[in-house]
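Please walk through the model shown below, beginning with the overall fold and ending with a single residue.

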Amino acid sequence: MTGAVAHPSAVAVALPALVAVLPAVGYLLLVRHVRRRSPQRGWSTRRTASFVAGCGVLVLALSPPLAPWAHHDFRGHMAQHLLVGMYAPPALVLGAPVTLLLRALPAARARRLTALLHSPLARGVTHPVAALLLNTGSLVALYCTPLYGTAMAHPAGHWLLHVHFLASGCLFAWVVAGPDPAPARPGVPARLVLLGFAIAGHAVLSQLMYGGFLIDIPAPVTEVRGGAELMYYGGDFAELLLAAALVSTWRPVRTRPRSQPGPHEARAGLRWPGRSAGRPAGGGAEGAGAQAA
């Protein structure tokens with residue numbers, strides 16, 4: 001069974017790929033600004049390469065021959081889904097674009113952006129459960145209801161799918177393994193459990209898709225099964241890459257015994273054990289405050 005699928009013009013096919021180049025250009029401009037503003041600190045070349053590589057994956061996914069294939073073949077759609085929603089997001093997130101933007105902005109605007117990131121709305125959207133539902137749970141609504149056929153029948157619906165795959169994929173990758181600060185990010189064990197749920201969800205959905213159970217995809221059986229295989233194996237590999245990104249960005253929290261304050265605390269005037277309470281380590285109170293600042 002096949003559904004009506006809109007065949008876009010060459011301009012409509014090429015336009016998303018051109019749009020995908022813009023974030024890379026903006027990122028490189030911010031990197032140049034940050035390096036000029038603070039030459040000593042600079043900016044990580046590895047992060048820059050990661051973000052640019054993510055934009056390159058988007059260009060590959062949204063350009064011919066993959067883009068036209070995705071409009072009339074479910075296997076092409078699934079390959080595009082994997083690239084846009086599962087392979088590009090970790091690379092983009094590992095580029096730490098939020099940290100880069102905070103360093104490039106003036107102090108007042110950076111504080112406003114930080115306040116926005118810690119707002120109740122941001123905390124709700126970036127909650128691990130919300131990220132999992134938007135990234136994995138939405139696929140159930142897409143492939144188990146008439147939503148996929150409706151979206152594929154209209155070019156605008158196809159574009160909206162791209163936006164959703166990219167946004168939800170970046171959100172999930174940010175929560176799981178992003179180097180940027182996140183207001184509601186749990187500890188590493190909880191994030192590994194979250195990733196495990198995502199892996200299980202993709203595996204179950206792909207198996208249901210392959211067997212033709214509880215799905216509503218207007219495409220020939222051979223295409224649906226081919227797409228299910230791409231989702232099963234390609235999704236597993238993408239999530240293994242995300243797990244590797246989590247390990248690469250994880251830094252253990254080091255705690256210092258209370259009896260031995262660090263050098264910054266000592267300079268701020270905190271007492272070492274056995275030191276007189278009336279004689280701070282850094283001299284007078286005013287000097288201690290100045291050194292702490």
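The model is predicted. Its secondary structure consists of 14 helices and 0 strands, and reading along the sequence gives the pattern α-α-α-α-α-α-α-α-α-α-α-α-α-α. The protein has 293 residues, of which 40% count as buried. Its accessible surface amounts to about 16000 Å², and carbon and sulfur atoms contribute 68% of that. Among contacts with a sequence separation of 6 or more, 71% are between residues 24 or more positions apart.

Helix α10 covers residues 155–177 and helix α11 covers residues 188–211. The axes of α10 and α11 come within 9 Å and cross at roughly 145 degrees. On the α10 side, the residues that meet α11 are Phe172, Val175, Val176 and Ala177; on the α11 side, they are Arg191, Leu194, Leu195 and Ala198. By class, the residues of this contact divide into 7 nonpolar, no polar and 1 charged.

Helix α10 also holds His158. Is this residue buried or exposed? His158 has a relative accessible area of 2%, and because buried means under 20%, His158 counts as buried. Apart from neighbours within four places in sequence, the residues in contact with His158 are Ala70, His71, Gln80, Ala151 and Met152.

Technical notes
Residues numbered from 1 in each chain as written. Predicted model: local features only at pLDDT ≥ 70, side-chain atom pairs only at ≥ 80, totals over all residues. Heavy atoms only, no water. Axes fitted to C-alpha atoms, helices over the stretch in contact; angles between N-to-C directions. Helix = DSSP H or I, 4+ residues; strand = E, 2+ residues; numbered from the N terminus. Contact = heavy atoms within 4.5 Å. Nonpolar A, V, L, I, M, F, W, Y, C, P; charged D, E, K, R; others polar. Buried < 20%, exposed > 50% of the residue type's maximum accessible area, 1.4 Å probe, protein only. Areas by Shrake-Rupley, 256 points an atom, 1.4 Å probe, with all protein chains shown as cover.
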